[in-house]
Amino acid sequence: MEKNYDALVIGAGPSGITAGIYLKRAGLNFLIFEDNVPGGKVNFTYQVENYPGFDHISGGDLAFKFYQQLDFNKITLKTEKIVSVVKNNNLFVVKSNKGEYLSKTVLIASGTREKMLGVKGEKEFFGKGVSSCAVCDGNFYQNQIVAVVGGGNSAFEEALYLSMIASKVFLIHRSDNFRADRFLIDKVRNNEKIEILEYFVIKEIQGKSHVENLLIENVRTKEVRELNCQGIFTYIGSEANTEFIQDKSILDSEGYICVNNELESKIAGLFATGDVVSNKMHQIVVACGDGALAASSINRFLG
Ligand code: NAP
C-alpha cells in the first residue's frame, strides 16, 4: 500500500490533465492514472476546430500539447488501470492493476468509450474492417469504400476525414434527424464523396477474413440491401468508463456519475469531471473548465 495522497486523479484526458495543473498550483500531493495514451479521446480526433487559441489543430497535436504541460509541471502520471475505488474510514482505497493507493479525495475523469452496434459480424471483424477510430485505421482504406454509422458530431467529423482517403463514404443513420452541428451537416452534404443513407440500420457485417459487405435495412420499408464496403466505422455514442466504481448508487441509469455544482458525488471527497459526468456537454473546453473547477473543489474540501 502506497502512502496517503491528497488526491488521486483517474484519467488523463483534457479534464484530468487540467485538474492536475490546478492541483499542482495548489501545492497538493497527488497522482494521475491513465491506462491509455494521455489526452484521452482527443488523440483519436482528426481535427479540433472549437478549442480557443487554435483555429484548427489535429487531435494528436492538441493531446501532445496537453501531455507536454503535464511534463512541464512535473506532474506524476502513472500508466496503470484502476480496478476499484472504495471509501474506508474517511480514506479512499484505490486499486490498480499494479498497486494499491490511499487518498483523502478521488477525482474520476475516466471519460467514455464508443458503444458497439451489437450486430452479427461486429466482434468477429473488429480490427478486420470494423473500427471506431477513423484516425487510427482510416489509412488502410485508401481508395476503398467505407461506411460510417451514426448521426452525431463524431460520425460527421470522421466521415469528412475518411472522405480524404476512401473512394466513397456511406454515412448511415437510423433517421433523418441528426445530432451533429449544422456546420458539419452542411459540410457533409456538400461533399461529393459522401452519400448519406437515412433511415437505415446495420443488420449484419459480412466477409471472409475481412469485411466485404454490409446488410442494411430500411427501418420504414424493411427493405434489406447489400452494401459493398471494406470498412465500417461506428460512432453511435458512448458509454461511461465507471466499471471500477464499487458504489453504484452514485451513477445514473446510464452509468454516468451524478455530481453537484462543486462536481462532488454524494460520497464526500469523491469528485468527477469531464465526459464521465451525468448530463454533461461533451466538449474539450467544458472538460477543461470542469477540471479546473474540480481541482478547486478538492482544495476547498481538504481545507
Ligand atoms: P451522439 O451525439 O450521442 O450521437 C450518437 C448517434 O448515434 C446518434 O445519431 C444516435 O441516433 C446514433 N445511435 C445511437 N445508438 C444507435 C444504434 N444502436 N444504432 C444506430 N445508431 C445509433 O454521439 P457522438 O457523435 O459520439 O458524440 C458524443 C458527444 O461528443 C456529443 O455530445 C458530441 O456533441 C460530442 N462531440 C463533439 C465534437 C465537437 O464538438 N467537435 C466532436 C465529437 C463529439 P439517435 O439520434 O437516433 O439516437
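Modeller: Happy to! Buried residues make up 52% of the 303 residues in the protein, where buried stands for a relative accessible area under 20%, exposed for over 50%, and partly exposed for what falls in between, with a 1.4 Å probe and protein chains only. Please keep in mind that this is a predicted model, in which local features need pLDDT of at least 70 and side-chain atom pairs count only at pLDDT 80 or more, while totals for chains, interfaces and linings use all residues. Residues are numbered from 1 along each chain as its sequence is written, and side-chain values use heavy atoms, with hydrogens and water left out.

First, the setting. The protein has six helices and 19 strands; these are DSSP runs numbered from the N terminus, with helices being H or I of at least four residues and strands E of at least two. Its radius of gyration is 21 Å, close to the 19 Å from the globule rule for 303 residues, so the protein is as compact as a globular protein of that length. That radius is taken over C-alpha atoms, and the rule is 2.2 Å times the number of residues to the power 0.38. Along the principal axes, the C-alpha atoms fill a box of roughly 60 × 40 × 35 Å.

The chain is divided into domain 1 (4-113 + 238-302) and domain 2 (116-234), with bounds from an automatic or database domain assignment. Their C-alpha centres lie 31 Å apart. Six residues of domain 1 are in contact with nine residues of domain 2, contact being heavy atoms within 4.5 Å. Across the protein, residues 24 or more positions apart account for 59% of the contacts with a separation of 6 or more.

Now to the buried residues themselves. G39 lies in the loop between strand 2 (30-33) and strand 3 (47-48), and its relative accessible area of 0% is why G39 counts as buried. Leaving aside neighbours within four places in sequence, G39 is in contact with A12, G13, P14, I17 and A63. For G39 and A63, 24 residues apart along the chain, the C-alpha atoms are separated by 4.4 Å.

G291 belongs to helix 6 (residues 284-302) and also has a relative accessible area of 0%, so G291 is buried. Not counting residues up to four places away in sequence, G291 touches S15, T18, A19 and T273. G291 and S15 are 276 residues apart in sequence, yet 4.4 Å apart in space, C-alpha to C-alpha.

Next come two residues that touch one another. V94 is in strand 7, and at a relative accessible area of 0% V94 is buried. Beyond the residues up to four places away in sequence, V94 touches L8, I82, S84, V85, G99, E100, Y101 and V106. The C-alpha atoms of V94 and Q283, 189 residues apart along the chain, are separated by 28 Å. S84 sits in strand 6 (residues 82-88) and is buried, with a relative accessible area of 10%. Leaving aside its neighbours within four places in sequence, S84 is in contact with V93, V94, K95, F244 and Q246.

S238 is found in strand 18 (residues 238-240); its relative accessible area is 18%, so S238 counts as buried. With neighbours within four places in sequence left aside, S238 contacts K41, T112, R113, E114, K115, Y256 and H282.

For contrast, here are two exposed residues. N89 is in the loop between strand 6 and strand 7 (91-96) and has a relative accessible area of 73%, so N89 is exposed. N143, in the loop between helix 3 (134-137) and strand 11 (145-149), counts as exposed at 62% relative accessibility. Both have a positive phi in a residue other than glycine: near 50° for N89 and near 55° for N143.
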